[in-house]
Amino acid sequence: AKLERINVTSNFLGIWHDPPAVDPPSECASVSGEGSTSTLVQHEEVHRKASTSSLNGSASSSHAPLVHSLKRLYLGENRLTDDALHPIMHLRELRVLNLSFNELQDLPTRFFRELTQLEELYLSGNKIASIPTEDLHRLEKLRTLYLNGNRLITLPQELQMLRALTSLDVGSNQLKYNTNNFEFDWNWNFNKTLKYLNLSGNKRLQIKVEKRQTYYGHGPPRHPNAPSSNLSSFTDLTQLRVLGLMDVTLPTVRNGSADTPEEMDDRRVRTSASTVLKMSYGIADALGKNDTLNMLDLVQEIKIDTQNVGAVFAMFGRSQPLRPGYPGAHANRLAKYLRDRFVGNFVFALNNMKYGDDVPDALRRSFLEMNRSLIQ
């Protein structure tokens, strides 16, 4: 049997050792004597060659068995440092690699060279300040990339080469760069397949409308790969299901709103600040395997009466997606109906509580009223 999965999440691992070297075939010499034949093994030569065999060897015989079998490696929530990356970066059959919440700072320049089968890569919660770009284009199968909670200031232009990328989380970094400078820095408009994009928590990131003359007027010639739309817009990402822009400074268009896609039953767009009543909060989510949005969040300040204010934190949705076979049905149609109407009904119920009533009574009346409105 071949080992394909290792999960050592939430331990105290500080190092990931190189595997033991694989000894090459012994070199032997035959000595013939009268009436017998003996074999002499050159032990010193074998030992010398074995000591130089490592995971870096060019011959396939020098690679440990895990190099050819391991597909899923979960090392999150440990104490791994940069020294642990050397043996990991040679596990060429990996599909999923989770190194989140460790002590990583600098990824090796050739970190992606042999990880060409990667489909999911999680590097959240480290101290990474830059992403190596030399072999980034080799990750042709990478669908999910989580880099949130690091120290990134810019995102490399080479991210646009990840043609299979559908989920990208770079929230809660220190991003501060010109998103229109697409020849050197990354812009989302080059990754049309994105379904999940999170930029929330980058309080220094300002998305500005580019000057049209740079591409269409008398300025420098337009880059051949530049999208035809406004580079500050998100509306061309037609497959988006979740767009996180909390704390990000956005440009405004003529009607005074940001140039973002419309929020719908199957699309969540977050553009608010990450504080409510002076309390900080955040949202952690993912699309999951089915690439659909099953839950909708609600965070909103409410004014109960002239003297009291509060806040509502709520989630609406289904724990499982709808079964196939329901034409026109969508998992979040009811969830969005409830979320859009809950606050108004809840505040009304709070302000009309009778003597002896409590908040649970107001909640019950709120849902009863929404249910009545829904079936009318």
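This is a predicted model: local features need pLDDT of at least 70, side-chain atom pairs count only at pLDDT 80 or more; totals for chains, interfaces and linings use all residues.
Nine strands make up an open sheet, and they pair in parallel in the order S1-S4-S5-S6-S7-S8-S9-S10-S11. At its edges sit strand S1 (5–7) and strand S11 (268–270), each of which pairs on one side only. Direction ignored, neighbouring strands of this sheet are turned by 5° against each other on average. For a look at one pairing, take strand S9 (residues 196–198) and strand S10 (residues 242–244): they run parallel and are joined by three bridges.

Now on to the hairpin. Strand S14 (residues 295–303) and S15 run antiparallel, with nine bridges between them, and the hairpin that joins S14 to S15 goes through five residues. Here, Ile-302 is the residue opposite Gly-310 in S15. In a regular strand, side chains alternate between the two faces of the sheet. Strand S15 (residues 309–317) has one face that is covered, with Gly-310, Val-312, Ala-314 and Phe-316. The uncovered face of S15 carries Val-309, Ala-311, Phe-313, Met-315 and Gly-317.

Last, the empty space. Rolling a probe the size of a water molecule over the atoms shows where such space is left. Counting cavities of 30 Å³ or more, the model has two. The largest cavity holds about 40 Å³ of space. What lines the largest cavity? Its lining consists of Phe-112, Leu-121, Leu-123, Ile-131, Leu-136, Leu-145, Leu-147 and Leu-159. By type, that lining comes to eight nonpolar residues, with no polar and no charged ones.

Terms used: Residues are numbered from 1 along each chain as its sequence is written. Side-chain values use heavy atoms; hydrogens and water are left out. On a 1 Å grid over the protein atoms alone, a cavity is a set of points where a 1.4 Å probe fits but cannot get out, and a pocket is an open set with protein on both sides within 12 Å along at least five of seven lines; lining residues have an atom within 4 Å of a point. Grid points are joined across faces, edges and corners, and a volume is the space filled by probe spheres set on the points. Ala, Val, Leu, Ile, Met, Phe, Trp, Tyr, Cys and Pro count as nonpolar, Asp, Glu, Lys and Arg as charged, and the others, Gly among them, as polar. Buried means under 20% relative accessible area, exposed over 50%, partly exposed in between (1.4 Å probe, protein chains only). Helices (H or I, at least four residues) and strands (E, at least two) are DSSP runs, numbered from the N terminus. Two strands pair if DSSP finds at least two bridges between them. Axes are lines fitted to C-alpha atoms, for helices over the stretch in contact, and angles run from 0 to 180 degrees between N-to-C directions.
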